[in-house]
Amino acid sequence: MPHAPGYDATGLANVVDFVNVMTYDYSGPWQPKGPTGPESPIPGVQETLDMWEQAGLPRSKMNVGVPTYGCGWTTGVANAQYGAPVTGLSPAWPQSNSAGQVNYIEICAQMGNAVWDPTNQVGQKGPNKPK
């Protein structure tokens, strides 16, 4: 079975209605020295779904998991791009109260002037600092 050791994807597909595929946590605060990166990059999601499909799980039985939180780092560089070297995790936000993490409600409060980054295929807001 290609790329999914430990799982019989074809056998699984025969006995379940669906599988929740974890398509997030590709990067995050467990990498305090970086590099920066999106939690759920579209190319990474595509690769994960392709892997499961090649292993025998039909796409019709896949539910895609999406993150409802954000991760952040400090770079010392204005408008740093993904892959930038970091100096540490972003400061803790008031509700999430954990360095390098921000929760869904805090993200929603900041989305008023977010922009789509077509290169990295993610939405982002320029210098985002906790309040």
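Predicted model: local features only at pLDDT ≥ 70, side-chain atom pairs only at ≥ 80, totals over all residues.

Visitor: OK, so is T36 buried or exposed?
Guide: T36 counts as buried, because its relative accessibility is 13%.

Visitor: And where is T36 placed?
Guide: T36 sits in the loop between strand 1 and helix 2. Helices (H or I, at least four residues) and strands (E, at least two) are DSSP runs, numbered from the N terminus.

Visitor: What does T36 touch?
Guide: Not counting residues up to four places away in sequence, T36 touches W73, T75, Q81, Y82, G83, A84 and V86. Contact here means heavy atoms within 4.5 Å. A polar atom of the T36 side chain also lies 3.2 Å from the backbone oxygen of Q81.

Visitor: What about E39, buried or exposed?
Guide: E39 is buried, with a relative accessible area of 13%. E39 is found in the loop between strand 1 (19–21) and helix 2 (42–54). Leaving aside neighbours within four places in sequence, its contacts are Y24, D25, Y26, S27, P67, Y69, G70 and C71.

Visitor: Switching topic: which residues of helix 2 are buried?
Guide: In helix 2 those are G44, V45, T48, L49 and W52. Seen down the helix 2 axis, the buried residues fall within an arc of 130 degrees, so they line one face of the helix. That arc is taken over the directions from the helix axis to the C-beta atoms.

Visitor: Why would residues a few places apart point the same way?
Guide: An α-helix has 3.6 residues a turn, so residues three or four places apart point the same way.

Visitor: What covers that buried side of helix 2?
Guide: The cover for the buried residues of helix 2 includes helix 1 (9–15), strand 1 and strand 2. On the other side, P43, E47 and Q54 are exposed.

Visitor: How does the span of helix 2 come out?
Guide: Its 13 residues should span 18 Å at 1.5 Å a residue, and the end C-alpha atoms are 18 Å apart, which agrees. The expected span is 1.5 Å times one less than the number of residues. Just after helix 2, G56 takes a positive phi of about 115 degrees.

Visitor: How many salt bridges does the structure hold?
Guide: Two. A salt bridge is a side-chain nitrogen of Lys or Arg within 4 Å of a carboxyl oxygen of Asp or Glu. R59 forms one with D50, where the closest N and O atoms are 2.1 Å apart. R59 and E53 meet in a salt bridge too, at 3.0 Å from N to O. Shared partners join D50, E53 and R59 into one network.

Visitor: How accessible is R59?
Guide: R59 is partly exposed, with a relative accessible area of 30%. D50 counts as partly exposed at 26%, and E53 is partly exposed at 39%.

Visitor: Last one: what's the overall secondary structure?
Guide: The protein chain has three helices and eight strands, running α-β-α-β-β-β-β-β-α-β-β from the N terminus on. Buried residues make up 31% of its 131 residues.

Definitions and conventions. Residues numbered from 1 in each chain as written. Heavy atoms only, no water. Buried < 20%, exposed > 50% of the residue type's maximum accessible area, 1.4 Å probe, protein only. Polar contact = N/O pair within 3.5 Å; in protein donor to acceptor, adjacent residues only side chain to side chain.
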